[in-house]
Amino acid sequence: MDRETLLKIVEKLSSCKDIQLSDIPCIDLYVDQVTTLFDDKLGDTKREPSEKVLTKTMINNYTKSRIIMPPKNKKYNKNHMILLSLIYNLKQILSINDIKLLFDPLFNRTNSSKGVLKEDLDELYNAYLTIKEGDMESISSYFNDVFDHVLSISSETVKDTNNDKQTLILLVLALAAQAAFNKRLAESIIDEYFKVEK
């Protein structure tokens, strides 16, 4: 275990690109074209090469759950692509129900059962991409801080200081603890500001 190898992993993960607005065709797409677009643009984010980024079944389930609006003439537009990209990122952390609650303000559900977008999704999505890109630029520094902290604690508490596996276990536990906190924080924000009072 060495810092350089771990930083290469961090760099590889942080260099994975999102679907940009310029990647979305100006024409509406059929579902097969949508899944191909997502596999082409987000293939680097898969843990296993055999995984699918997005499937027809997923898209149908999101439509049935009213997380995205139904396609028009079996075609998906730019807003669909933006929402599907956001769902792809959010579903790593949040439940589908939480994502639906989060997206509800984007639709004017009172005026139409189909839902009409109230916000300009392009602006929201661009802001999201800007925030994420900025965060990724500082991720190596963040990782170094976590790693230094783990090494410091490990050298004080772990009896076998030559055991890299124990240090790696502590590193994974520290990263997982922070991820769990961020997940709970995101859920708490949804509970506080997006849940409808019954």
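Axes here are lines fitted to C-alpha atoms, for helices over the stretch in contact, and angles run from 0 to 180 degrees between N-to-C directions. This is a predicted model, in which local features need pLDDT of at least 70 and side-chain atom pairs count only at pLDDT 80 or more, while totals for chains, interfaces and linings use all residues. Residues are numbered from 1 along each chain as its sequence is written, and side-chain values use heavy atoms, with hydrogens and water left out.

Q: How many helices and strands does the secondary structure of the protein chain come to?
A: Helices (H or I, at least four residues) and strands (E, at least two) are DSSP runs, numbered from the N terminus. Read from the N terminus on, the elements run α-α-α-α-α-α-α-α. The count is therefore eight helices and zero strands.

Q: Are the axes of α4 and α5 parallel, perpendicular or oblique?
A: Two packed helices are described by the angle between their axes and the distance between the axes. For α4 (residues 78-90) and α5 (residues 96-103), the axes come within 11 Å and cross at roughly 135°. Angles under 35 degrees count as roughly parallel, over 145 as roughly antiparallel, 65 to 115 as roughly perpendicular and the rest as oblique. The relation of α4 to α5 is therefore oblique.

Q: Which classes of residue make up the contact of α4 with α5?
A: With contact meaning heavy atoms within 4.5 Å, Leu83, Leu86, Ile87 and Leu90 in α4 meet Ile99, Leu102 and Phe103 in α5. Ala, Val, Leu, Ile, Met, Phe, Trp, Tyr, Cys and Pro count as nonpolar, Asp, Glu, Lys and Arg as charged, and the others, Gly among them, as polar. By class, the contact has no polar and no charged residues, and seven nonpolar.

Q: With which side chain does the side chain of asparagine 89 make a polar contact?
A: Asparagine 89 lies in helix α4 and, leaving aside its neighbours within four places in sequence, is in contact with Asp18, Tyr128 and Lys132. A polar contact is a pair of N or O atoms within 3.5 Å, where, within protein, one must be able to donate a hydrogen and the other to accept it, and residues adjacent in sequence count only if both atoms are side-chain atoms. At 3.0 Å, the partner is the side chain of lysine 132.
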